[in-house]
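Here is a short tour of one protein chain, going from its surface and overall form down to individual residues. Take a moment with the sequence and the model before reading on.

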Amino acid sequence: AGGNVDIAKDGDNALLYRARDAAGLARAVVRLARDNALAARLALAARRTSEEFSFGRMLDHLEVYLTR
């Protein structure tokens, strides 16, 4: 889906796989289950990303845009 490429980045804050690719999903789940350090790193990066795209932050950006 369009905007997700700006948010989810493979190997940075997510493990991506193609839509309807059950084998790809399974590989990603197994990889996370086997690599605790990777899972922790992705989780931390995902949390930071979610904070960048929080509703409050988006409202702040919108307010700045609208008051120009």
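The protein chain exposes about 5700 Å², and carbon and sulfur atoms supply 57% of that area; accessible areas come from the Shrake-Rupley method with a 1.4 Å probe, and for residues only the protein chains shown count as cover. Do keep in mind that this is a predicted model, in which local features need pLDDT of at least 70, side-chain atom pairs count only at pLDDT 80 or more, and totals for chains, interfaces and linings use all residues. Residues are numbered from 1 along each chain as its sequence is written, and side-chain values use heavy atoms, with hydrogens and water left out.

Now for the overall form. The protein chain has four helices and zero strands, in the order α-α-α-α from the N terminus. Its radius of gyration is 16 Å, well over the 11 Å that the globule rule gives for 68 residues, so the chain is more spread out than a compact globule. That radius is taken over C-alpha atoms, and the rule is 2.2 Å times the number of residues to the power 0.38. Helices (H or I, at least four residues) are DSSP runs, numbered from the N terminus. Along the principal axes, the C-alpha atoms fill a box of roughly 50 × 25 × 15 Å.

Of the 68 residues, 13% count as buried, where buried means under 20% relative accessible area, exposed over 50%, and partly exposed in between (1.4 Å probe, protein chains only). Among contacts (heavy atoms within 4.5 Å) between residues at least 6 apart in sequence, 44% join residues at least 24 apart.

| Residue | Relative accessibility | Class |
|---|---|---|
| Asn13 | 10% | buried |
| Met58 | 37% | partly exposed |

Where does Asn13 sit? Its place is in the loop between α1 (4-7) and α2 (22-34). A polar atom of the Asn13 side chain lies 2.7 Å from the backbone nitrogen of Lys9. The Asn13 side chain also makes a polar contact, at 2.9 Å, with the side chain of Thr49. A polar contact is a pair of N or O atoms within 3.5 Å; within protein, one must be able to donate a hydrogen and the other to accept it, and residues adjacent in sequence count only if both atoms are side-chain atoms. Leaving aside neighbours within four places in sequence, Asn13 is in contact with Ile7, Ala8, Leu42, Ala45, Ala46 and Thr49.

Met58, for its part, lies in helix α4 (residues 55-66). Not counting residues up to four places away in sequence, Met58 touches Glu52 and Phe53.

Terms used: Helix = DSSP H or I, 4+ residues; strand = E, 2+ residues; numbered from the N terminus.
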